[in-house]
Amino acid sequence: MNVEITGTYKNGFGKEFKDKATGLPVQGDYVVQIEQQKQLPNGQVQFESYDIPVDREQEKFFLNKKRGDTVKVLCNVYGENFAQIKIGKAK
């Protein structure tokens, strides 16, 4: 299931890892960090942060974003139930 998550842009960075066979660096996913505000029943505000991996082709949409900009990220959610949702890159 693909969903769009809207939040406040905090940061974005590219992941890199070493190929075990060759030892050469390989580009991984680009990670978009966003923050959402959640109003609690007692009137308090809770801030939730998410690290959402996206394909490198999507990186260009986030390169010119500044901290505090509102962004929308297409992602995939999965998990046993809504209390244990995990976020992954859109497929």
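1. Let me start with Gln 33, which touches Thr 8, Tyr 9, Lys 10, Asn 11, Phe 13, Tyr 50 and Asp 51, leaving aside residues up to four places away in sequence. Contact here means heavy atoms within 4.5 Å. Gln 33 sits in strand β2 (residues 25–39); strands (E, at least two residues) are DSSP runs, numbered from the N terminus. With Asp 51, the side chain of Gln 33 makes a polar contact of 3.3 Å. A polar contact is a pair of N or O atoms within 3.5 Å, where, within protein, one must be able to donate a hydrogen and the other to accept it, and residues adjacent in sequence count only if both atoms are side-chain atoms.

2. A word on the basis: this is a predicted model, in which local features need pLDDT of at least 70, side-chain atom pairs count only at pLDDT 80 or more, and totals for chains, interfaces and linings use all residues. Residues are numbered from 1 along each chain as its sequence is written, and side-chain values use heavy atoms, with hydrogens and water left out.

3. How many salt bridges does the structure hold? There are 2, taking a salt bridge as a side-chain nitrogen of Lys or Arg within 4 Å of a carboxyl oxygen of Asp or Glu. Lys 38 and Glu 48 form a salt bridge at 3.9 Å, N to O. Lys 38 belongs to strand β2 and Glu 48 to strand β3 (residues 45–54), so this pair ties together parts 10 residues apart in sequence.

4. Arg 56 and Glu 59 also form a salt bridge, with their closest N and O atoms 3.3 Å apart. Arg 56 is partly exposed at 22% relative accessibility, and Lys 38 is partly exposed too, at 39%. Buried means under 20% relative accessible area, exposed over 50%, and partly exposed in between (1.4 Å probe, protein chains only).

5. Do look at Val 3, in strand β1 (residues 2–18). Beyond residues up to four places away in sequence, Val 3 touches Val 73, Leu 74, Cys 75 and Val 77. The C-alpha atoms of Val 3 and Val 77 are separated by 7.2 Å, although these residues are 74 apart along the chain. Val 3 counts as partly exposed, at 25% relative accessibility.

Key:
Helices (H or I, at least four residues) and strands (E, at least two) are DSSP runs, numbered from the N terminus.
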